[in-house]
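Opening the notebook on this one. I'll jot down what I looked up, entry by entry.

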Amino acid sequence: MENKLIIKGAKIHNLKNVDLEMPKNEIVVFTGVSGSGKSSLAFDTIFAEGQHRYIESLSPYIRQFLGGMERPEIDEIQGLSPAIAIDQKALSHNPRSTVGTLTEIYDYLRLLFARLGHIYCPLCGSKIEKLSLEEMVDIIIEKAEELKEKNVTILAPVVRGRKGEYDKLFYDFLGLGYSEARIDNKFESFTERLALSRYKAHSIEIVIDRIMTGEESRLFESIENAITYSKGLAIAVFNEGKKNQKEFILSSRWSCPKDNFSFPEVEPRLFSFNSPYGACPACSGLGKSDFFSEEVCPTCQGKRLRPEALSVKIKGKNIYELTALSIRDLYKFFMDYENKLSEKEKTIAHNIVKNIISKLQFLIEVGLNYLSLSRESYTLSGGEAQRIRLASQIGSYLSNTLYVLDEPTIGLHERDTERLINTLKALKERNNTVIVVEHDERTILSSDYLVDFGPMAGEKGGEIIATGKTKKLLVNNAFQKSLTLQYLRGKKKIAVPKKRRTGIREEIKVIGAKANNLKNINIDIPLRRLICLTGVSGSGKSSFLYDVLYKNLNKIKLGSHEPLENASKILGSEYIDKVVVMDQSPIGRTPRSNPATYTGIFTPIRTLFSLLPGSRERAYSSSKFSFNVPNSRGGGRCEACQGAGHNLIEMHFMPPVLVQCDVCLGKRFNREVLQVEYKKKNISQVLDMSVDQAVEFFENIYNIADKLKVLQSVGLGYIKLGQSATTLSGGEAQRIKLGRELTQRLGKKTLYLLDEPTIGLHYHDIEMLLNVLNKLVDKGNTVMIIEHNMHVIKSADHIIDLGPEGGDAGGKLVSFGTPEEVVLLRKGYTAKYLKEFL
């Protein structure tokens with residue numbers, strides 16, 4: 001049992017009392033059609049039980065802050081290791097969070113700049129070194145001659161912007177023979193009692209001496225005393241109390257000898273845009289003119305830091321310039337920097353540089369070499385967020401741990417998938433168990449053990465169809481029912497189209513595309529075809545699709561006369577009527593939004609319920625069956641939760657918690673409305689049905705069944721009609737948008753733009769999706785998709801491949817043409833990997 005994970009009687013969601021024995025310290029892949037129960041076992045059972053056991057081991061005092069974690073519905077789990085889930089949930093939405101702060105590389109950079117940074121004056125750009133006592137005296141004499149002033153007052157700044165009454169401090173200095181100080185810019189004698197406000201920040205500068213600049217030895221002694229008392233600073237005041245008063249801060253630490261700019265203490269917080277010591281004072285470190293604005297801060301130009309922080313450099317670059325480099329270029333920079341460190345510098349910074357290099361290396365291994373450390377967290381895709389977490393885990397060097405991953409290959413080109421697989425193997429080699437929920441063929445084939453779920457999705461799934469060592473399963477004929485094995489063994493195939501659409505001459509020409517890393521490229525897009533936009537991660541695909549094509553065509557079609565963005569010219573827009581983008585953004589920001597309301601299927605369902613005898617007797621209109629209409633306006637929702645089915649409980653110091661409504665018990669409607677039934681089901685029970693169940697239930701109501709069949713055709717048969725929008729993945733949200741488009745009357749001459757619609761899809765679902773996309777093209781439309789899945793790429797009529805690499809090394813047009821033409825050109829990574837699929 002020691003080397004096995006044994007699960008008995010798992011029943012969560014659609015799992016049908018599942019039993020499973022699987023090896024530990026191996027890469028175990030969970031496969032099966034979308035909605036077959038893979039995530040229910042991996043995340044909601046195995047990981048959830050691991051979390052539950054961890055929380056149960058804590059003291060009751062700690063547990064009260066974490067809240068009770070319900071045990072998953074399971075009879076028994078044996079051999080469970082501590083579990084870590086690396087899922088695709090978006091990272092922080094805080095605009096202050098960046099790739100650098102998330103990976104902690106920025107913390108190491110701050111430390112490195114504080115220890116080994118070279119300081120330059122923000123005013124004149126000259127290098128600043130610490131001033132010696134002699135240099136300070138020379139500067140004061142020089143300034144006195146310049147100002148034609150013979151007297152100077154020397155102050156010691158002993159308190160700078162700190163709260164307190166400071167009675168003891170005054171008493172101590174009085175004992176040392178000093179009787180006067182400048183307090184909050186006003187000269188005061190402390191021979192009399194001074195009453196300072198305890199809760200207000202004060203500045204206190206002790207008057208060390210008022211002397212003539214000709215008395216060099218006395219001046220020398222005064223400055224020495226000032227820097228002793230203030231720990232390194234002295235203030236020289238000329239023309240004290242007059243209109244033309246001038247003063248200079250001198251530092252035995254950091255001060256510019258040319259213009260006397262005195263540098264603050266160089267410590268890690270100076271480089272933090274989340275600290276008032278380092279943040280740009282105008283934008284408080286946001287880099288934008290205000291919290292809700294997209295406009296760059298005019299003071300720091302989006303760099304987030306104050307001028308002093310940006311004036312500290314390593315190898316001629318400040319900290320912002322380093323974070324703006326791609327991870328690949330930053331890795332090269334530090335490899336070079338490490339080799340050129342002096343012995344003294346190595347002693348100080350060897351460990352810091354080593355940590356930076358190893359963390360950058362892990363990010364490169366998981367295919368994120370094109371990102372920069374300054375990239376804001378909320379702009380990352382789910383796949384990128386997951387791979388950042390994965391890179392952090394490799395760096396933690398844990399062993400005997402259970403990792404659960406959710407499709408880590410999302411958004412990765414085949415080239416980068418190989419690197420990711422090596423990362424998973426590295427985790428395994430440290431005696432960790434890695435469970436991967438995955439559809440990617442290369443990852444499945446690289447696994448040690450395979451568990452296949454099915455046979456289909458939702459109610460028709462929830463069983464384990466096949467288990468065993470991956471290599472053995474591929475060569476024997478066991479488990480004939482497994483759809484996954486049928487595709488892997490070649491019994492079923494996503495066929496290469498017999499012919500490509502090539503006849504139509506109409507095209508859109510984009511001239512001089514230059515968004516983000518695009519290198520002023522020209523691209524021809526042939527219309528009435530299925531087009532795949534390909535290339536490694538970060539090669540410029542999204543920049544071209546959204547920032548160049550969609551934004552500009554949308555402007556043109558709306559009749560706008562604004563100049564084009566990120567492109568010189570776009571020709572051929574007259575050949576299309578409209579452009580529709582279907583991205584992976586949520587279909588709604590609130591839990592109220594769901595597939596039924598978004599696609600419009602709920603309207604005919606409500607109409608049907610309003611025509612039932614039970615509704616006619618009560619004179620109910622279709623509004624009565626809406627959970628968004630209040631009772632006062634003819635609705636029938638539960639007013640205790642306003643039709644949400646749950647209430648949000650604020651927890652003050654902790655995140656708010658969703659709790660099922662006590663009145664309707666999550667059913668959303670009031671008791672009277674729930675008495676109206678169609679085929680013994682009320683409106684709440686209908687919302688709780690999966691799309692597959694609803695197709696059978698409404699089979700004779702064609703205007704409902706036809707719309708539901710469209711959702712089935714895009715691989716969404718398993719989702720519930722009333723499922724909260726906030727629980728849907730990016731891929732599911734995108735396919736719901738596609739479904740909504742298909743349920744409306746289809747026009748011709750529309751350009752549809754999609755971003756990786758195959759995310760989360762099994763071979764079987766991809767085949768269905770390709771049929772839907774081809775139907776759109778057959779009706780005279782054009783479909784252009786960003787895609788990494790080779791089965792979809794081989795099925796396209798036309799490929800546009802960008803690259804050759806990601807980030808600055810990408811943004812060029814590598815090749816274009818039919819899949820066969822692209823393979824023959826032998827340019828770029830897509831051609832290399834596509835060859836084996838044709």
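This is a predicted model: local features need pLDDT of at least 70, side-chain atom pairs count only at pLDDT 80 or more; totals for chains, interfaces and linings use all residues.

**Arg-375 and its surroundings**

I started with Arg-375: setting aside neighbours within four places in sequence, its contacts are Thr-98, Val-99, Leu-380 and Glu-384. Contact here means heavy atoms within 4.5 Å. Thr-98 is 277 residues away from Arg-375 along the chain, yet their C-alpha atoms are separated by 5.4 Å. I find Arg-375 in the loop between α11 (343-365) and α12 (382-396). Helices (H or I, at least four residues) and strands (E, at least two) are DSSP runs, numbered from the N terminus. The cut-offs: buried is under 20% relative accessible area, exposed is over 50%, and partly exposed lies in between (1.4 Å probe, protein chains only).

**What I am looking at**

Residues are numbered from 1 along each chain as its sequence is written, and side-chain values use heavy atoms, with hydrogens and water left out.

pLDDT is the predictor's confidence in each residue, from 0 to 100. The protein chain averages 90, and 97% of the residues score at least 70.

I logged 29 helices and 28 strands in the protein chain. Its C-alpha atoms fill a box of roughly 105 × 65 × 65 Å along the principal axes. Of its 838 residues, 54% count as buried. Taking contacts between residues at least 6 apart in sequence, 67% join residues at least 24 apart.

**Cores**

Next I looked up nonpolar cores, meaning sets of buried Ala, Val, Leu, Ile, Met, Phe, Trp, Tyr and Cys residues joined through side-chain atoms within 4.5 Å. The largest has 82 residues, and those with the most contacts inside it are Ile-605, Phe-609, Ile-683, Phe-698, Leu-708, Leu-738 and Val-783. Helix α26 (residues 763-778) supplies the largest share of this core, 8 residues. I then picked out Phe-698, which, leaving aside neighbours within four places in sequence, touches Ile-605, Leu-608, Tyr-678, Val-686, Ile-704, Ala-705 and Leu-708. There is also a second, separate core of 63 residues, including Trp-254, Leu-368, Ile-388 and Val-434.

**The six-stranded sheet**

I traced an open sheet of 6 strands with mixed pairing, in the order β22-β25-β26-β20-β27-β28. Two strands pair if DSSP finds at least two bridges between them. At the edges stand β22 (578-582) and β28 (812-817), each with a single partner strand, so one side of each has no neighbour in the sheet. The twist averages 15° from one strand to the next.

Inside the sheet, β20 (residues 530-534) and β26 (residues 782-786) run parallel and are joined by 4 bridges. Ile-531 stands opposite Met-784 in β26. Helix α25 (residues 730-743) packs on the sheet, touching β22 and β25 (750-755), and its direction makes about 145° with that of β22. Axes are lines fitted to C-alpha atoms, for helices over the stretch in contact, and angles run from 0 to 180 degrees between N-to-C directions.

**Salt bridges**

How many salt bridges does a search of the whole structure find? I get 42, counting a side-chain nitrogen of Lys or Arg within 4 Å of a carboxyl oxygen of Asp or Glu.

Arg-442 forms one with Glu-414, with the closest N and O atoms 2.7 Å apart. Arg-442 is in helix α14 (residues 441-446) and Glu-414 in helix α13 (residues 414-429), 28 residues apart. Glu-414 is buried, with a relative accessible area of 6%. Arg-442 also meets Glu-836 in a salt bridge (3.7 Å, N to O). Glu-836 lies in the segment after α29 (828-834), so this pair ties together parts 394 residues apart in sequence. Glu-836 is exposed, at a relative accessible area of 56%. Through shared partners, Glu-414, Glu-418, Arg-442 and Glu-836 form one network.
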